[in-house]
Amino acid sequence: MNALFSLVSALIAVAALVAVSWFGVGAIGLDSVFGVIIPYIALAIFIIGVVYRIVDWARVPVPFRIPTTCGQGKSLPWIKADNLDCPYNTWGVIGRMFLEVFLFRSLFRNSKAELREGPKAAYASAKWLWLFGILFHYSFLIIVLRHLRFFMEPIPSFVEAITSVDGFFQIMVPTVFISDLLFLGAVTLLFLRRVGLPQVRYISLPADYFALFLILGIGISGVLMRNFFKVDLLGVKSLAISLFTLHPAPPPGIHPIFYVHLFLVSVLIAYFPFSKLMHAGGVFLSPTRNLANVNRSERYVNPWNYPVKVHTYEEYENDYREKMKECGIPVDKE
Amino acid sequence: MELHDLPKPQDLMNIDLNKPPETGWMDTPTVFRNGTYSYPAAGKNLKILGLANPRQWSPADEDWKLPENWKEIILQGMKERLEKYRSFRLFMDICVRCGACADKCHFFIGSGDPKNMPVLRAELIRSVYRNDFTLLGKMLGRLGGGRELTIDVLKEWFYYFFQCTECRRCSVFCPYGIDTAEVTMIGRELLNLVGLNINWVIEPVANCYRTGNHLGIPPHGLVDMWQFMTDDIEDITGIKIDLPINKKGAEILFVTPSGDYFADPGTYTCMGYMMLFHELGLDYTWSTYASEGGNFGLFTSHEMIKRLNAKIYAEAKRLGVKWIIGGECGHMWRVIHQYMETMNGPADFLEEPVSPITGTKFENAKQSKMVHITEFTSDLIKNGKLKLDPSRNDKIIATYHDSCNTARAAGLLEEPRYVIRNIMNNFYEMPENTIREQTFCCGGGAGLGNDENIEMRMRGAFPRASALRHVVDKHAVNRLLCMCAIDRATLTALCHYWAPDVTVGGIHELLANALVMKGEKERTVDLRGEPLGDEEEDE
């Protein structure tokens, strides 16, 4: 897989999506296709797809208990065991998973290996990926929560609270949200990291760039529609509520940039279940993280364990009985 | 290929981690260069085990003499395993290629070959998974990151799945815990289905299957070897040890890797066990049938792990022991800790382990009934049951290499350190990125510690060696301690090439040096037969 090929093909794909929705609404007037039909289909694919994927994973057995132990295990009472990095009970597992899912603990360990004269290997701290990742995921979360205002009437107070904190600095009118800036910045940095680091560039597939460009496209179109095109947000809200009350009615006159935004979101959620984005669900099921290191103290059953051909002691003694007797090893059959 | 055929360390490491090839990885062909791959399994060994496609072949040949329907076999094997192992299934699906694992692999750091980045090693098989098992991959083909399973892809698998020591270091850093060991273990299983395996794994497996140990030592040979050790112990301590062998009704069965019987420096560790158990008056037994704690089945297939491991519980049952102690070994403890009880348990004919010396209950082993030797020994020391003279080890300035498997698959980190600190006075840790859960592989685990693979081994050994050289420069370290039989063999070569003034040894060797035994004569030499004190002072 060629790096440039990956990048360009993904860029073309996302550009095509933008163009299709822009002209679809702006030139041909397919408001209800992009405002109603596609979002409905996308949401259905998302929900069914995600449930299907999780169920599909969950029904595959975990035959062995294989946690990666990253700290001292529980053994003798006077040796301090590390319940978070090497869990010995369910609380430890919950703690470990919490740190993993909410704080990206493993990524926080990241270091960078460098070769020096000598030859020597040196390991520098490398928390950038962790930082970009945290910024990206949490600003995304805040943005999604803020969007609840479009689907709910009255707007829940926590949404109002998030929104007012997020817009605290009141830069420009309409307010530019901090989360928007962080989000665009983080996605950009993740992209620059992907193209900038030779190792990461080398492993990148079109799918990796596609997800980045798609998300970047959603962010940019969102900021554009709100802060530059100043889209009729009341119209957007009436569309959103009409969709969720199952009486879809796209109001006329919403700017095409909104439909670009909505279409990219639709593509993202429809693509989600089939893509690496499913890591969001998969991380909970990872057997190296979600199992306790109690292998020798608690039974673990492999549902498909089956008998295997072994070389029994009897066969072994048959092979060697005389020799064993000669050198004084006790035997079962004289 | 031999060590002396290799270029000097600085020249060997004339690589750039940040310069991948011009060609994309799917278009970069695999080159089987001497010194970087292992010889294939001999047909006779495959026959003993009833494994597929026994024949004469070489990876350097164009024709690998595969069964005609090899592709079908592999894809069918993949399908089965995707339905049996959630790990495999999930790890095929959720990688985001963030690259956090890239420079965590010792083989990548030592070779600069991007296909040794854990992410790309897994992509070698993921690309086929996408092509044949996922909707988008089927629709988009190469654009979707998929590629067809061709003979070249299969050869690439063979080269790179046998260039992974399954050390799990990458899984420590992966945000989703993706464990390349799971991927390459399954990958090797698939390769085995069409008769692609390496002799340095399969011969020990075949030996172990028949004779009970990897080295193929028959029972009378073992008795000779053990006797040789007790003779040496008598020379050194004046104490004659009568070894219990296959003794029915003993309280404890002792199982250790056969590497400890066979060659220095493992033998010194083995003598250490003998001296310790003798001094304690332990009611225990060695076994010639279960004479192998190690399990190269781990490097073959899950089924083979079970086939070899079955001997341990079977022998414990036959001899009527109450519980089991296991010796110093790395991958052995991955199997004992994470697989044995599930595969061959429950061992309800055994009792929950209790130390007969201290009365300590080993609660952490109450289900599997098998205790690690450093758990046993650190408990003895903690309870003041051993008379130790650490000054007998004063010539030795040591550092400790955590085995991958005891560190990352069992969390055995403090027990060995506690023992080490109590048996010697000069102990220094290597830098923190290279020990404990971040420990680096010796470069020769998972069956790759053979001579023909020496260049790749020394490349893989580089991160460990670099950390070692750091403490050699800083603290004049002259002994690399480990509790792993593979380490004792492979680290010896590592030191030879990278740090010639350092020797390698096990923990119980030094314990026995320090152990003051009842009725012993004054010790003048250590277990290696070298003078205890500083020679110059004696003169």
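**Exercise 1. Find out which parts of chain B are tied together by the salt bridge between B:Glu203 and B:Lys44.**

Step 1: check the contact. B:Glu203 and B:Lys44 form a salt bridge, with their closest N and O atoms 3.7 Å apart. (A salt bridge needs a side-chain nitrogen of Lys or Arg within 4 Å of a carboxyl oxygen of Asp or Glu.)

Step 2: B:Glu203 sits in helix α11 (residues 199-211) of chain B and B:Lys44 in helix α2 (residues 43-49) of chain B, so the pair ties together parts 159 residues apart in sequence. (Helices are DSSP runs of H or I, at least four residues, numbered from the N terminus.)

Step 3: look at the cover. B:Glu203 is partly exposed at 28% relative accessibility, while B:Lys44 is exposed at 53%. (Buried means under 20% relative accessible area, exposed over 50%, partly exposed in between, with a 1.4 Å probe and protein chains only.)

A word on the model: it is predicted, so local features need pLDDT of at least 70 and side-chain atom pairs pLDDT 80 or more, while totals for chains, interfaces and linings use all residues. Residues are numbered from 1 along each chain as its sequence is written, chains are lettered from A and ligands numbered from 1 in written order, and side-chain values use heavy atoms, leaving out hydrogens and water.

**Exercise 2. Work out where A:Asp208 and A:Lys276 lie, and whether they are buried or exposed.**

Step 1: start with the bridge. A:Asp208 and A:Lys276 form a salt bridge, their closest N and O atoms 2.9 Å apart.

Step 2: locate both ends. A:Asp208 is in helix α9 (residues 206-228) of chain A, and A:Lys276 is in the loop between α11 (256-271) and α12 (279-282) of chain A, 68 residues apart.

Step 3: read the accessibility. A:Asp208 is buried at 1%, and A:Lys276 is buried too, at 12%.

Step 4: widen the view. Salt bridges with shared partners join A:Asp208 and A:Lys276 into one network, whose members include A:Arg194, B:Arg97 and B:Glu123. Over all chains, the salt bridge count is 55.

Key:
Helices (H or I, at least four residues) and strands (E, at least two) are DSSP runs, numbered from the N terminus.
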